[in-house]
Structures are given as structure tokens and as C-alpha cells.
Amino acid sequence: MRPPAVPQHIQSLRPYVPGKPIEEVQREFGLTEVIKLASNENPLGPSPRVAPALVEAAAGLALYPDGACFHTVNALAEHWNVPHDHLVVGNGSDEIIHYLGLVYLQPGDELLTGDPSFLRYEAAAVLNRSAFVAVPLKNHTFDLEAIADRITPRTRLVFIANPNNPTGTIVRRPELERFLDRCPEDALVVMDEAYFEYADDPEYPDGLDYVREGRNVIVLRTFSKIYALAALRIGYGIARPEIVKAIHQVREPFNVNSLAQAAAVASLADPDQVIRSRTSNCAGRDYLYGEFARMGLPYVETQANFVLVDLARPARPIFEALLRRGIIVRCGDVLGLPTFLRTSIGTDSDNRRFIAELEAVLSAAPAA
Ligand SMILES: *Cc1c(COP(=O)(O)O)cnc(C)c1O
């Protein structure tokens, strides 16, 4: 017997290629000291309040989690000063991206975004037999004018990663507001602010301002990045109640596990962890800028916890040589940037080791 045919649009889905796990690189190359700077994880780890909260929550593992995420929603409502009915929690903000596709896209509709940007937006379009329209970035930055020019009567979702992944760049308030003014009523703008807490540009827009104005905007944020809870999978959306209600309609009833909920609440109660992480990230960013400049390597200024650096030669062999030396970064070729590496900003010692190994690899393989 053969199973039923897999529909063409499912076959066409490109699998997500994750950063290699540390254990795999240790095994493959027989290394002990491996550092991972590939997935924009917070090297300082979560708040010390998280571990005790997890121990306490572990007593309830036999029970289904609270499908309404009562305590998490309360804590988020207070943290961002938004009404409870403006919040929906997901198994990572990835899950909310998926739900937005289910809610808003019908066959033949369009999802617009930038190129390159976060790879998960494409699946939301393809799974719903909608067109994925990715408009090239300009100076590594979302080109909102070009995106607005591509809006059609079938455009339902526009994803703006701000800061963008993999470039770390932002769109600023005036250009975003001009763009929102050009958006038709039947398109929802998704402000994916996974790195919100890291951004420090004075003109960085807070997507919540536009939710509060009643615009067709949903803001996505996450506990995976600055809060360092990537393994637990918890993120959330903030939007007007009609939008939140529609997402609840398609949501899995127990989508967010109880350990994640407990860890999120404990994290929000510890603002110092965020301050520490931001401070460490700024110092690491400045160190990397200085080293890249010293090495004559152009880089893209970042508002997030990773930096894109241009090696001005195919990055793949350098990426592989770094792997053999126990440094896991992202190779730009999978992101359409074949001469770039994307490195997360690590601890001071991670960053120093990365620079030392990069320098060694580059001098062992001089550019042609
Ligand atoms: C990391 C990231 C996310 C999602 O993370 P979750 O772990 O699913 O919350 C979303 N958008 C961008 C741009 C990211 O870089």
C-alpha cells in the first residue's frame, strides 16, 4: 500500500536548517570546547528566578497546562500596560506566525515581507496556498516603500521583522508611519519584534503605539531571545481583541506548556536580567565592531544580539573551518548573502575566541 499523495505545495516547503547543536559538533570533530553563536541565544542565560519556578511547576506535570495562560497573560498585561484581551501566547512566536497564516490567508492571497528576512514567514504562506512575495532589502534594511508598491488587493499579511533577522537593521518611526498610512484596511501588518529589548536607537518604533492607535497591526515578542528561554518555547502577540480572538479560534487548546508559563512569569519579575543582558550585548557589539574594523571586514550595524560581517569572499569555506575549530556561526549563503557570516554576540570570552579563530582561519586561507 502507498500512502496518499503529498500535495505539491507541501512538497515545495523548504525545510528549516537550524544551527548545528553543540553536541553534534563535539562528536563530529572530537572537540570539547565548542561555542554556539548561530541562533541568537542569550549567553547569560535566564533569570536565576527561573530554575526554582521550574522546580515548583514540575510538581504539576501530570496535569494539562492552563490553556488560557492566565498568569502569563496577567504578567504581560501589566508589563506592557495593555488590556488582557489584547494578548495571545504561543509555543514560541513561531507558532503565532503559523496561526496568522491559518487565520488570514486563503488560496491565492499574498504574504509580503523583505528578502532576506526570517525564514519562517514563507511557510505561513505556502501552507495556505498563498503567494510568498519577498521584496529585496535596501542597504540591508526593509525597503518599506518598495513593499508598499507591491501591495495588491490580495495582500493580507505584511511581515516586518524589526530588528530584522539576519541583518540586525531596523525601520525607523517616520518611514514606518508613512508605510502604515499606505496600507489598505484588509491587510494586517505583523511587527515581529523578537529583539525588541535589545534595540536602543532613539527612532526605533514601539509597535504597541500602533496597536493602541487602533491600526491593523499585531506585535510579536518572545521569551526566546533576551529572556533566554528558547528551549521552553514561549512567545506572544499583542493586537486588538478582534485579531486576538481570531487567533484563539485556531489555537491548539494546550499550546503552551506549564513549565514555559511558570518561567515566563518568573522572568518578567526580574528586570535586572534584561538590563544585564543588554549591557553585556552592547559591550560585545562594540568589541566586535572594533575587531572587524581592525581586520578590514565591513559589517552591518545591528540593533539586535547578532552581527552580519562581510568576508568579501565565499563565506562557506570559512564557516566550515570555524566549525572544525569549535565555533558555530551562521553561513550567509543559506540566507542569500554568500559572502557574509552572521554571528550572535556572545560573552566576552566567546567573542574573543570567535575573533581569534576567525583571524586564524582567514590568514590560513588568504583571499584570492
Ligand atoms: C528568534 C526569532 C523569532 C521567534 O522565536 P520563538 O523562539 O519562536 O519565539 C521570531 N522572529 C524572529 C525575527 C526571530 O529571530
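This is a predicted model: local features need pLDDT of at least 70, side-chain atom pairs count only at pLDDT 80 or more; totals for chains, interfaces and linings use all residues.
**Ground rules.** I took local features only at pLDDT of at least 70 and side-chain atom pairs only at pLDDT 80 or more, while totals for chains, interfaces and linings use all residues. Residues are numbered from 1 along each chain as its sequence is written, and side-chain values use heavy atoms, with hydrogens and water left out.

**Aromatic pairs.** I searched the whole structure and got eleven aromatic pairs. Rings of Phe, Tyr and Trp (its six-membered ring) pair if their centres lie within 6.5 Å; planes under 30 degrees apart are stacked, over 60 edge-to-face, and the rest tilted. I looked up F118 and Y121: the planes stand at 70° with the centres 5.6 Å apart, so this pair is edge-to-face. I then checked burial (buried is under 20% relative accessible area, exposed over 50%, partly exposed in between, with a 1.4 Å probe and protein chains only). F118 is buried at 18%, and Y121 is buried at 0%.

Next I took Y289 and Y299, which are stacked, with 4.4 Å between centres and 15° between planes. Y289 belongs to helix 12 (residues 271–294) and Y299 to strand 9 (residues 299–300), ten residues apart. For these labels, helices (H or I, at least four residues) and strands (E, at least two) are DSSP runs numbered from the N terminus. Y289 is buried at 13%; Y299 is partly exposed at 28%. I noted that Y289 and Y299 share one aromatic cluster with F292 and F354.

**Charges over rings.** I counted a charge as over a ring if NZ of Lys or CZ of Arg is within 6 Å of the ring centre and within 35 degrees of the ring normal. R221 lies over the face of W80, 4.4 Å from the ring centre. R342 has its charged end over the ring of F306, at 5.5 Å from the centre.

**Helix 3 and helix 11.** I looked up which residues meet here, with contact meaning heavy atoms within 4.5 Å. V50, A53, L54, A57 and A58 of helix 3 meet S258, L259, A262, A263, A266 and S267 of helix 11. I sorted the contact residues into nine nonpolar, two polar and no charged. Ala, Val, Leu, Ile, Met, Phe, Trp, Tyr, Cys and Pro count as nonpolar, Asp, Glu, Lys and Arg as charged, and the others, Gly among them, as polar.

**Helix 13.** In helix 13 (residues 316–324) I found I318, F319, A321, L322 and L323 buried. Just after helix 13, G326 has a positive phi of about 85°.
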